[in-house]
Amino acid sequence: MSKPGIAAGDLPTEMLSRIFLFLSGEKHTWATDCVAVSQVCQRWRMIGHGNRELWTTPPLQRFKWTELVLKLSRRRTLDIIWRIP
């Protein structure tokens, strides 16, 4: 017997956006988490790409990623994290 609930796809846009922001709080996993959720489905991609707060920490190791983040952040203040090996 299944428990009553709501499917992730049925969550309101605002709630999904906040969940995505929660994921982006872990800066070391930003690339995998934010990109992964934006590839689940077309709706999640629109939500993820529409939330410029998700895209404020550009990964400086790869130019194409950095370019994408700068585009999606739409002039939002950026957090620059430089790791020295």
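A: Start with the word contact: two residues are in contact when they have heavy atoms within 4.5 Å. Keep in mind that this is a predicted model.

Q: Which residues does Thr 66 touch, not counting residues up to four places away in sequence?

A: Thr 66 touches Pro 58, Pro 59 and Leu 60. Thr 66 itself is found in helix α4, which covers residues 63–73.

Q: Is Thr 66 buried or exposed?

A: Buried means a relative accessible area under 20%, and exposed means over 50%. Thr 66 has 12%, so Thr 66 is buried.

Q: How do I read the sides of a helix?

A: An α-helix has 3.6 residues a turn, so residues three or four places apart point the same way. In α4, the buried residues are Thr 66, Val 69, Leu 72 and Ser 73. They cover an arc of only 135° around the axis, which puts them on the same side of α4.

Q: Which residues are exposed on the other side of α4?

A: Phe 63, Lys 64 and Lys 71 are exposed there. Just after α4 comes Arg 74, which takes a positive phi of about 45°.

Q: What are the buried residues of helix α3?

A: In α3, residues 42–50, the buried ones are Trp 44, Ile 47 and Gly 48. Seen down the axis of α3, these residues fall within an arc of 95°, so they line one face of the helix. The face turned away from the buried side of α3 carries Gln 42 and Met 46, which are exposed.

Q: How do I read a nonpolar surface patch?

A: Look for nonpolar side chains within 5 Å of each other, on residues with over 30% relative accessible area and no salt bridge. Here Leu 60, Ile 80, Trp 82 and Ile 84 make a nonpolar surface patch of about 500 Å².

Q: Where do Leu 60 and Ile 84 lie?

A: Leu 60 is in the loop between α3 and α4, while Ile 84 lies in the segment after α4. Leu 60 counts as partly exposed because its relative accessibility is 32%. Ile 84 is at 73%, so Ile 84 counts as exposed.

Q: How many residues apart in sequence are Leu 60 and Trp 82?

A: They are 22 residues apart in sequence, and 7.7 Å apart in space from C-alpha to C-alpha. Leaving aside neighbours within four places in sequence, Leu 60 is in contact with Thr 66, Ile 80, Ile 81 and Trp 82.

Conventions:
Residues are numbered from 1 along each chain as its sequence is written. This is a predicted model: local features need pLDDT of at least 70, side-chain atom pairs count only at pLDDT 80 or more; totals for chains, interfaces and linings use all residues. Side-chain values use heavy atoms; hydrogens and water are left out. Helices (H or I, at least four residues) and strands (E, at least two) are DSSP runs, numbered from the N terminus. Buried means under 20% relative accessible area, exposed over 50%, partly exposed in between (1.4 Å probe, protein chains only). The arc is that of the directions from the helix axis to the C-beta atoms. Patches are made of residues with over 30% relative accessible area and no salt bridge: like charges are joined within 9 Å, nonpolar side chains (Val, Leu, Ile, Met, Phe, Trp, Tyr) within 5 Å. Accessible areas come from the Shrake-Rupley method with a 1.4 Å probe; for residues, only the protein chains shown count as cover. A salt bridge is a side-chain nitrogen of Lys or Arg within 4 Å of a carboxyl oxygen of Asp or Glu.
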